[in-house]
Amino acid sequence: MVDFSPISIQRGATMIEVLVTMVILVFGLLGLAGLQARLQVSEMESYQRAQALILLEDMANRITTNRSAAAGYVTGSPLGAGMTCPTDTSTVQKVDAKEWCDALQGAAETSGVSKVGAMIGARGCVESVIANEYLVTVAWQGLASISAPPDSVTCGQNAYDGGACTNDRCRRAITTVVRIGTL
């Protein structure tokens with residue numbers, strides 16, 4: 001015979017079981033919130049890289065199009081963030097440098113009077129590597145500290161240090177080489 005006395009019958013969850021369930025649920029939700037935050041940082045990093053690729057290809061195409069005067073595209077210092085863009089438009093190269101500088105500063109999209117259409121702290125450089133070869137570089141500030149670009153990429157070097165970012169670990173840079181063939 002089965003004993004149905006009040007002591008042996010269980011009538012629902014105890015308070016401890018409810019608390020343990022809530023703690024497990026809270027840890028799971030905190031993990032999801034952390035994952036969402038990491039996803040947003042990764043999405044912004046990806047967006048900035050895509051913008052940099054567009055600007056890099058823009059200048060590479062400008063140099064290739066004006067191949068007879070490619071040496072005039074070499075920049076003495078980075079164009080873009082933290083500088084006043086050139087105003088001299090006397091040659092095609094100077095017009096291209098001005099337009100590229102404006103694009104690096106985000107002139108394609110504005111919010112009020114602020115230029116917001118490019119990467120954070122975007123800078124661009126064109127260097128002469130050897131005869132008829134030009135290294136085009138776009139550098140910008142990433143959102144998370146990772147590894148620094150190689151020392152051979154000097155565009156924007158030491159311009160993004162501060163806070164959690166030391167030794168150029170927040171500097172992102174992409175490069176391409178433009179070769180001008182002799183025809």
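Trainee: What is the handedness of the link of C85 and C101?

Mentor: The angle about the S-S bond is -80°, and the link of C85 and C101 is left-handed. A disulfide is a covalent bond between the sulfur atoms of two cysteines. Here the term is used for a pair of cysteine sulfur atoms within 2.5 Å. The sulfur atoms of C85 and C101 are 2.1 Å apart. This pair links distant parts of the chain, 16 residues apart: C85 is in the loop between β1 (79-80) and α2 (92-104), and C101 is in helix α2. Helices (H or I, at least four residues) and strands (E, at least two) are DSSP runs, numbered from the N terminus.

Trainee: What should I know about the model before going on?

Mentor: It is a predicted model, in which local features need pLDDT of at least 70 and side-chain atom pairs count only at pLDDT 80 or more, while totals for chains, interfaces and linings use all residues. Residues are numbered from 1 along each chain as its sequence is written, and side-chain values use heavy atoms, with hydrogens and water left out.

Trainee: Are C85 and C101 buried or exposed?

Mentor: Buried means under 20% relative accessible area, exposed means over 50%, and partly exposed lies in between (1.4 Å probe, protein chains only). C85 has 11% relative accessibility, so it counts as buried. C101 counts as buried because its relative accessibility is 0%.

Trainee: How many disulfides does a search of the whole structure find?

Mentor: The search finds 3 disulfides. One of them joins C125 to C155, with an S to S distance of 2.2 Å. The link of C125 and C155 is right-handed, with 80° about the S-S bond. C125 lies in strand β4 (residues 123-130) and C155 in the loop between β5 (133-141) and β6 (171-179), so the pair ties together parts that are 30 residues apart in sequence. C125 is at 6% relative accessibility and therefore counts as buried. C155, at 2%, also counts as buried.

Trainee: What is the S to S distance of the disulfide that joins C165 to C170?

Mentor: For C165 and C170 the distance is 1.8 Å. Their link is left-handed, with -60° about the S-S bond. C165 and C170 are buried.

Trainee: What is the pairing of the bonded cysteines in sequence order?

Mentor: If the bonded cysteines of the protein chain are numbered along the sequence, the pairing reads 1-2, 3-4, 5-6.

Trainee: How many bridges join β1 to β4?

Mentor: There are 2 bridges between β1 and β4, and these strands run antiparallel. G80 stands opposite R123 in β4.

Trainee: How many salt bridges does a search of the whole structure find?

Mentor: Side chains of opposite charge can pair when their charged atoms come close. A salt bridge is counted when a side-chain nitrogen of Lys or Arg is within 4 Å of a carboxyl oxygen of Asp or Glu. The search finds 8 salt bridges. One of them is between R172 and E45, whose closest N and O atoms are 3.1 Å apart. This pair links distant parts of the chain: R172 is in strand β6 and E45 in helix α1 (residues 15-65), 127 residues apart. R172 is buried, with a relative accessible area of 5%. E45 is at 14% and counts as buried.

Trainee: Which residue forms a salt bridge with R62?

Mentor: D96 does, and the closest N and O atoms are 2.8 Å apart. D96 is in helix α2 and R62 in helix α1, 34 residues apart, and the pair links distant parts of the chain. D96 counts as buried at 10% relative accessibility, and R62 counts as buried at 18%. Salt bridges link D58, R62, D96 and E99 in a network.

Definitions and conventions
Pairing = 2+ DSSP bridges.
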